[in-house]
Amino acid sequence: MLVCLRNVELYRGDLSRTKVMEDKRRCGHPAVPPNARVSLSNSDIVPGTLATYECDEGYELFGGHQKECTVRGDWKGDSPFCGT
């Protein structure tokens, strides 16, 4: 029988030393709309990282002000935009 395990490192001959590896999936840098800036809660952009959006002076933020990096490697939340 063949069993496939994701993110698992096996040591040959000694299954008692099986080591589950940490998922290294990361998100790409989130999109930054015109007249906006984004700050990240973690520079590694790993799952759980929050992207917080702010608009330049004179512009108002429309939509959500934060997105979160998911374990799938994508961003959860709608992309905001800055307008007048």
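Colleague: When the bonded cysteines of the protein chain are numbered in sequence order, what is the pairing?

Modeller: The pairing is 1-3, 2-4. Please note that this is a predicted model, in which local features need pLDDT of at least 70 and side-chain atom pairs count only at pLDDT 80 or more, while totals for chains, interfaces and linings use all residues. Residues are numbered from 1 along each chain as its sequence is written, and side-chain values use heavy atoms, with hydrogens and water left out.

Colleague: How many disulfides does a search of the whole structure find?

Modeller: A disulfide is a pair of cysteine sulfur atoms within 2.5 Å. The search finds two. In one, C27 and C69 have their sulfur atoms 2.1 Å apart. This pair links distant parts of the chain, 42 residues apart: C27 is in the loop between β2 (19–20) and β3, and C69 is in strand β6 (residues 66–69). The other joins C55 to C82, with an S to S distance of 2.0 Å. Because C55 lies in strand β4 and C82 in strand β8 (residues 81–83), that pair ties together parts 27 residues apart in sequence.

Colleague: Is the disulfide of C27 and C69 right-handed or left-handed?

Modeller: The torsion about its S-S bond is about 95 degrees, so the disulfide of C27 and C69 is right-handed. The link of C55 and C82, with -90 degrees about the S-S bond, is left-handed.

Colleague: Are C55 and C82 buried or exposed?

Modeller: Relative accessible area decides this: buried means under 20%, exposed over 50%, and partly exposed in between (1.4 Å probe, protein chains only). Both C55 and C82 are buried. C27 is also buried, at 7%, and C69 is buried at 1%. Over the whole protein chain, 19% of the 84 residues count as buried.

Colleague: Which residues are linked in a network of salt bridges?

Modeller: A salt bridge is a side-chain nitrogen of Lys or Arg within 4 Å of a carboxyl oxygen of Asp or Glu. By this rule the count comes to four, and the network links R37, E54 and D56. The closest N and O atoms of E54 and R37 are 4.0 Å apart. E54 is in strand β4 (residues 50–55) and R37 in strand β3 (residues 36–40), 17 residues apart. Between R37 and D56 the closest N and O atoms are 3.1 Å apart; D56 is in the loop between β4 and β5 (60–62), 19 residues from R37. Partly exposed residues here include E54 at 43%, R37 at 40% and D56 at 29%. Another salt bridge joins D74 and R72, at 3.2 Å; D74 is partly exposed at 31%, whereas R72 is exposed at 59%.

Colleague: How many helices and strands does the protein chain have?

Modeller: Helices (H or I, at least four residues) and strands (E, at least two) are DSSP runs, numbered from the N terminus. The protein chain has zero helices and eight strands.

Colleague: Where is the pLDDT below 50?

Modeller: pLDDT is the predictor's confidence in each residue, from 0 to 100. The protein chain averages 81, and 71% of the residues score at least 70. Over residues 1–12 the pLDDT is below 50, and this stretch has 14 contacts in the model beyond near neighbours in sequence, a contact being heavy atoms within 4.5 Å. Residues 14–22 also stay under 50, with 12 contacts beyond four places in sequence.
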